[in-house]
Amino acid sequence: MLMCRRWLVCSMRAHYRSFSFSASLRNVMPAWVIDKYGENEVLRFTKNAALPIIHYPNEVTVKVHAAGLNPIDISMRGSYGAATMAMKRDPLNMKQSGSEFPLILGRDVSGEIIECGLDVNYFKPGDQVWAAIPPWKQGSLAEFVVLSANEVSHKPKSLRHVEAASIPYVAATAWSAIVNTGGLNKDNSSKKRVLVLGGSGGVGTLAIQMVKAWGAHVTVTCSQNAEQLVRDLGADDVVDYTAGPVEKKLQTLQKLVFDLILDNIGGESEKWALDLLKPWNGAKYVTLVTPFLHNTDLLGLADGMMQSGVTIGCKVLKHLRKGVHYRWGFFAPSGPTLDEISEMVDAGKVRPVVEEVFSFAQVPQGFQKVEQGHARGKTVVSIIEDEKE
Ligand SMILES: NC(=O)c1ccc[n+]([C@@H]2O[C@H](COP(=O)([O-])OP(=O)(O)OC[C@H]3O[C@@H](n4cnc5c(N)ncnc54)[C@H](OP(=O)(O)O)[C@@H]3O)[C@@H](O)[C@H]2O)c1
């Protein structure tokens, strides 16, 4: 009987949807797309991008109000990760190469649910939501995006869409690196010492606030002109990396030893950073700058993954002998993670750090801004000028 009622509600909803979703009366939408990989010139605005449709019962369609930009958008525009993304989109390798085009970039979305698949119970049309979009899916620089409901979360009530769009991708990355890989969480972080290498950009500004809210002592490296920003976000100690060797300053800074290092910079830093960890205490170094996608782009999937496996294996073992843990951190899309971040935002523990907002017409300028580097928080694209905002 219950099953019957559930089926009835679902089919009524489906019936309602097919008449209520005005976008379904058309099959195109405005979007920024790329038709090939390259520099900024490959970005093309079109009013005729294919309207995304729900294929699975757990999917939702989101009307995009604002989209966040991240360094990965710049990298993907230039083909970074193409081999791995192609495998995720087409695991059986049935499609021709280039079938990903026209490709829509943009990993952050804040917007409104306009349609739900039959199995979606947690959301309904009209819900204000945010999400971090997996890089193998079409992105948010468009009027609509289709996502799995488990990638989506109710956006913080206290934020406007342009503010909310600055958070999901960096929050999901910081959470994955700090909680899933680094082992810290709200219950075990007090009295822990965390070092954030590169605290002034998207991931860093979020990571500082997260671990500070959980009671950790936070040391941050950044440029001198970002010191006030990271202190305002909760950094206890700040080291200016532009004023001489940062590792020397960190070593002398009250002889700090860290329980967790989050590395947003990579390169040389992993040569010295692990020496700053508390040995034989479960302390971890988690770097977000990994060669994983570069390897698969360069060597193909199988060899690239094998190469990555060998590299990480050697590094883990080398550092394990010294009593510290070496890890790679990765972005992981997750609605439930964003639910937790949403609560932290509405509780005033995490705030958006929006450096610049571009209009939908200015997407190429937004890409230029991110590509120039020196981020102080996030760059956002406002897609719908919402009078309520
Ligand atoms: N593995 C993954 O899944 C994953 C996911 C997300 C991000 N990432 C990677 O993580 C890194 C950080 O991402 P993001 O979004 O935070 O980048 P971002 O917004 O561009 O921020 C990078 C920040 O680092 C600062 N910086 C540059 N060199 C530095 C140094 N030597 N020491 C300290 N600070 C330095 C930059 O400012 P100044 O140059 O002015 O100092 C900027 O504020 C990127 O490399 C990104 O590709 C990886």
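How do the residues of the shell around the ligand divide into nonpolar, polar and charged? They divide into 13 nonpolar, 14 polar and no charged. Here Ala, Val, Leu, Ile, Met, Phe, Trp, Tyr, Cys and Pro count as nonpolar, Asp, Glu, Lys and Arg as charged, and the others, Gly among them, as polar. This is a predicted model, in which local features need pLDDT of at least 70, side-chain atom pairs count only at pLDDT 80 or more, and totals for chains, interfaces and linings use all residues. Residues are numbered from 1 along each chain as its sequence is written.

**View 1. Residues around the ligand.** The ligand has 27 residues around it, and G201, G202, V203, H374 and A375 come nearest. A residue is near a molecule or strand if its C-beta atom, placed from the backbone, lies within 6 Å of it.

**View 2. Elements that supply the shell.** At least two residues of the shell come from each of helix 2 (71-77), helix 5 (168-181), helix 6 (202-213) and strand 9 (217-222). Helix 6 gives the most, three residues. Helices (H or I, at least four residues) and strands (E, at least two) are DSSP runs, numbered from the N terminus.

**View 3. Two domains at the ligand.** The chain is divided into domain 1 (12-87 + 100-167 + 352-382) and domain 2 (170-328), with bounds from an automatic or database domain assignment. Each domain provides at least three residues of the shell around the ligand.

**View 4. Where the domains touch.** In domain 1, 14 residues are in contact with 16 residues of domain 2, contact being C-beta atoms, placed from the backbone, within 7 Å. Helix 3 (residues 82-89) brings the largest share of the domain 1 side, four residues.

How values were computed: Two residues are in contact if their C-beta atoms, placed from the backbone, lie within 7 Å.
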